[in-house]
Amino acid sequence: MPATAPRGVGHLRGDEPFPAAARRALADAQLRRNLGHATTTIRAKSGAVIGELPDWEQLRAAGSAVKADVLARLPELLEQLEAAVTAAGGSVHWAADAVEANRIVTDLVAATGSDRVIKVKSMATQEIGLNEALAAAGITAVETDLAELIVQLGEDRPSHILVPAIHRNRAEIREIFLRAMPGVDPALTDEPAVLAAAARRYLRQTFLTTPVAVSGANFAVAETGTLAVVESEGNGRMCLTLPETLITVMGIEKVVPTWRDLEVFLQLLPRASTGERMNPYTSMWTGVTPGDGPRAFHLVLLDNGRSAVLADEVGRQALHCIRCSACLNVCPVYQRTGGHAYGSVYPGPIGAVLSPQLTGVEDNASLPYASSLCGACYDACPVKINIPELLVHLRAEHVAAQRRPTAESVAMAAAAYVMDHPALYAAAQRAARLARLAGRRGRGLPPPLSGWTIGRDLPEPPARSFRDWWGQR
Ligand code: SF4
């Protein structure tokens, strides 16, 4: 059986269950204001550009079909990719899990003699905890995406796939820059243009003096061995072209068969994520080219639980994800709690179905319940991942994995028994009515059922039941 992601390394498991973390996040009014403003703005922008395309639904169906095809023949496509990258002068490394991937990258950087790397935003490297592994080997990783830089300087954690510092407003960012950015102007204001200029000055110097870069990849084309990174700031283009050595860490599900397939995703991704018609920077490279760009290119193919996800016929659709974050922006739960409450580097609806599968559902057992099952994520997803179906599937898996009965399973079994026996059911209805008449109209249930009513009002039983009404007629 394929292994899940190992414990003790990386950022797929939180320190506490979702309900406890969410309760604390909900008490932060500033966080809710920041999130509400940012998600509403992105949603409106995205909706407008999606509305321009008459064939959006056909594109979604095509994206979903391409991903299903990729997963059906993943080993073959990965071997094709390896052969093409190698033929183009690159080196391919296979990493079974986070520990192995961190070791491979650390060894590669150490072999260059550099004690610093520049990074373009990469969820895979956050997933495996690469920055911590590099730091343990005496290597500093500098994030170059503006939002990632804010998170890194603030010694914080990302809270959104696309906008990792979505929980910060500009006053907070100014304070972080003044505190932690080397050489920053003490007269810095919180004007967005001024903050961006300060980050640009700091990063330009870092780009020009660092010989090794680490990137993720949005896609890899098996037929030619071409890697693709899309971004909005140009920092990725700098990372991918200036250094002498480029190391790319990519989840194995990111491969697509051909350039024709890539075309579909390059239309879907920008409209669903940033609300743009096309990505401002789409960088593509194939191996190494003498006299142009990095002299050495390494591709690390990361499993870290993905084979286990692939082995689940229902669950595997989570691997279709292109990390656009549209499901986060429409989710009523994410919009109020933000990303930190999910504990994993993958927040929101996709995190609630991907993280428990990568780690094994027991290590993230509360996440499949972090949803109202409203279905907004399914409607928004550009590759049609049926997230509500996955949530229910994982809840069932979690319940099945319980060795001893839970309060919920006992209550459900009791309810099933009562509903199966008409006399008992009528007696239960009378008891409920009596409790109502006796004035016990509390909004909650007594223990052990009180957990159900922590976030819900208990409906009052009607004055007259359907059975009474029917009987009288
Ligand atoms: S699940 Fe769908 S909507 Fe959510 S991030 Fe992935 S591709 Fe985007």
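Residues are termed buried under 20% relative accessible area, exposed over 50%, and partly exposed in between (1.4 Å probe, protein chains only). The model is predicted, so that local features need pLDDT of at least 70 and side-chain atom pairs count only at pLDDT 80 or more, whereas totals for chains, interfaces and linings use all residues. Residues are numbered from 1 along each chain as its sequence is written, and side-chain values use heavy atoms, with hydrogens and water left out.

**View 1. Salt bridge between R306 and E127.** Side chains of opposite charge can pair when their charged atoms come close. A salt bridge is defined here as a side-chain nitrogen of Lys or Arg within 4 Å of a carboxyl oxygen of Asp or Glu. The whole structure contains 19 salt bridges. In the one between R306 and E127, the N to O distance is 2.8 Å. R306 belongs to helix 13 (residues 306-310) and E127 to helix 6 (residues 123-128), and this pair links distant parts of the chain, 179 residues apart. Helices (H or I, at least four residues) and strands (E, at least two) are DSSP runs, numbered from the N terminus. R306 and E127 are both buried.

View 2. The closest N and O atoms of R170 and D190 are 4.0 Å apart in their salt bridge. R170 is partly exposed, with a relative accessible area of 41%, and D190 is partly exposed at 26%. R179 forms a salt bridge with E175, with 3.0 Å between the closest N and O atoms. Elsewhere, salt bridges that share partners join E127, E253, R306 and R323 into one network.

**View 3. Packing of helix 9 against helix 10.** Two packed helices are described by the angle between their axes and the distance between the axes. Helix 9 (residues 170-180) and helix 10 (residues 192-209) pack at about 30 degrees, and their axes are 11 Å apart. Helix 9 is therefore roughly parallel to helix 10. Axes are lines fitted to C-alpha atoms, for helices over the stretch in contact, and angles run from 0 to 180 degrees between N-to-C directions. Angles under 35 degrees count as roughly parallel, over 145 as roughly antiparallel, 65 to 115 as roughly perpendicular and the rest as oblique.

**View 4. Positive phi at N304 and K384.** Most residues other than glycine have a negative phi. N304 is not a glycine, yet has a positive phi of about 50 degrees. This asparagine lies in the loop between strand 10 (296-302) and helix 13, and is buried at 1% relative accessibility. K384, also not a glycine, has a positive phi of about 55 degrees. K384 is located in the loop between helix 17 and helix 18 (387-401), where its relative accessibility of 32% makes it partly exposed.

**View 5. Position of E362 relative to R404.** E362 is found in the loop between helix 16 (348-359) and helix 17 (376-380). With 41% relative accessibility, E362 counts as partly exposed. The C-alpha atoms of E362 and R404 are 14 Å apart in space, and the two residues are 42 residues apart in sequence.
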